[in-house]
Amino acid sequence: MPVSPKFKKAFVILIFISLAAIFWLSLFLLDFSHRQKTIYGVTFSQKYANELGLDWQKTYLAILDDLKVKNLRLVAYWDQIEGSIDNFNFTDLDWQINQAASRGTAITLAVGRRVPRWPECHDPVWLKNLAPLAVSEHELNFVKTVIERYKGNSAIKFWQIENEPLLRWFGECPKPSRAFLEQEINLAKSLDSRPIIITDSGELSSWQAAGGLADILGTTLYRIVWNPYSGFWDYFFVPPAFYHYKAEITKFFHKNLKAVIVTELQMEPWTMGKPMAELSLADQQKSFDLKRFKDNVNYVTRAGFSEVYLWGVEYWYWLKEKGHPEIWQEAEKLWP
């Protein structure tokens, strides 16, 4: 009995899909943790600690002295530092940097208009009345002022210019401008020789645009996300090897890159559009708990990244203060 052309075509497609599925599933077996030791750090946000109702200085010192973190990403928030035009107040950031430096902690300092934590762009109130060109001029002046203030501090390891600056859809920010980002990077390089980190989304970007601008590419790595249309979305189908090979391909095409690191590993719940303090513990645990903490550490280690900054250290401390110290205690194992 002759086989119809349609049957042959369907059979070939089925074979192709089956082979692709077998190949993809085989990626879950790969483990690149033996390639190099993973160095862990955290991102600290004074703003987020305040949002959680914490004593931000007490929280910060606990991160340094109890967790004994030795790699730290700090944030120069424009609205906190330049409350009025050309009037700069570095009191809080000076304190953070000095406390870390006195303990031998290496610092990545994020600076720019768009930096870590919602709403992403942290604009001074006086900015809204200015024309776009004037905004750009003031932003460049802010970046220049921050770098010049701290470039003599040996604790600064990297400068991070902006945060996910080419990501269009997330945050309350103006449309991204690659040309202006290049201006900021060139300014930073003219002021100091330390490497420049440019960050990008791990799941929503190819990394190629950001990779072409950076000395070091920093990526986010999220395992479960939420949006108001579809609810929670779990990336259970993405193997650690995906990020490993994505990094290798990016380094292959961009010889300027010294490294690809994780600057934001999801280590706190997705808040579903609400402040964290308004979520019940049960709601928090829908997207993050102690098991996910352990799983995410294992996942990023298997991906073989040399350096990983965990996101949510303020949340761990907040939980501990509320009588749930389990995640904080688990985190202590990362910095023995």
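## Charged groups over aromatic rings

The charged end of Lys47 lies over the ring of Tyr77, at 4.8 Å from the ring centre. The model described here is predicted.

## Aromatic pairs

The structure contains 22 aromatic pairs. One of them is formed by Tyr60 and Trp95, with ring centres 5.6 Å apart. The planes of Tyr60 and Trp95 meet at 50°, and the pair is therefore tilted, since that class takes the angles left between stacked, under 30 degrees, and edge-to-face, over 60. This pair links distant parts of the chain: Tyr60 belongs to helix α3 (residues 56–65), Trp95 to helix α5 (residues 91–102), and the two residues are 35 residues apart.

The two partners can also be described by their accessibility. Tyr60 has 0% relative accessibility and counts as buried, whereas Trp95, with a relative accessible area of 22%, is partly exposed. The boundary for burial is under 20% relative accessible area.

How are the rings of Tyr243 and Tyr299 arranged? Their centres are 6.2 Å apart and their planes stand at 75°, so the pair is edge-to-face. Tyr243 is located in helix α9 (residues 240–253) and Tyr299 in helix α11 (residues 290–303); the pair therefore ties together parts that are 56 residues apart in sequence. Both Tyr243 and Tyr299 are buried.

## A cluster of rings

Which residues do ring pairs link into a cluster? The cluster consists of Phe44, Trp56, Tyr60 and Trp95.

## The disulfide

The structure has 1 disulfide. It joins Cys121 to Cys173, with an S to S distance of 2.1 Å, which lies within the 2.5 Å cut-off for such a link. The angle about the S-S bond is 120°, and the link of Cys121 and Cys173 is right-handed.

Where in the chain do Cys121 and Cys173 lie? Cys121 is in the loop between β3 (106–111) and α6 (132–150), while Cys173 is in the loop between β4 (156–161) and α7 (178–191). The pair therefore ties together parts that are 52 residues apart in sequence.

Are the two cysteines buried or partly exposed? Cys121 counts as buried because its relative accessibility is 7%. Cys173 is partly exposed, its relative accessible area being 24%.

Key. Residues are numbered from 1 along each chain as its sequence is written. This is a predicted model: local features need pLDDT of at least 70, side-chain atom pairs count only at pLDDT 80 or more; totals for chains, interfaces and linings use all residues. Side-chain values use heavy atoms; hydrogens and water are left out. Rings of Phe, Tyr and Trp (its six-membered ring) pair if their centres lie within 6.5 Å; planes under 30 degrees apart count as stacked, over 60 as edge-to-face and the rest as tilted. Helices (H or I, at least four residues) and strands (E, at least two) are DSSP runs, numbered from the N terminus. Buried means under 20% relative accessible area, exposed over 50%, partly exposed in between (1.4 Å probe, protein chains only). A charge sits over a ring if NZ of Lys or CZ of Arg is within 6 Å of the ring centre and within 35 degrees of the ring normal.
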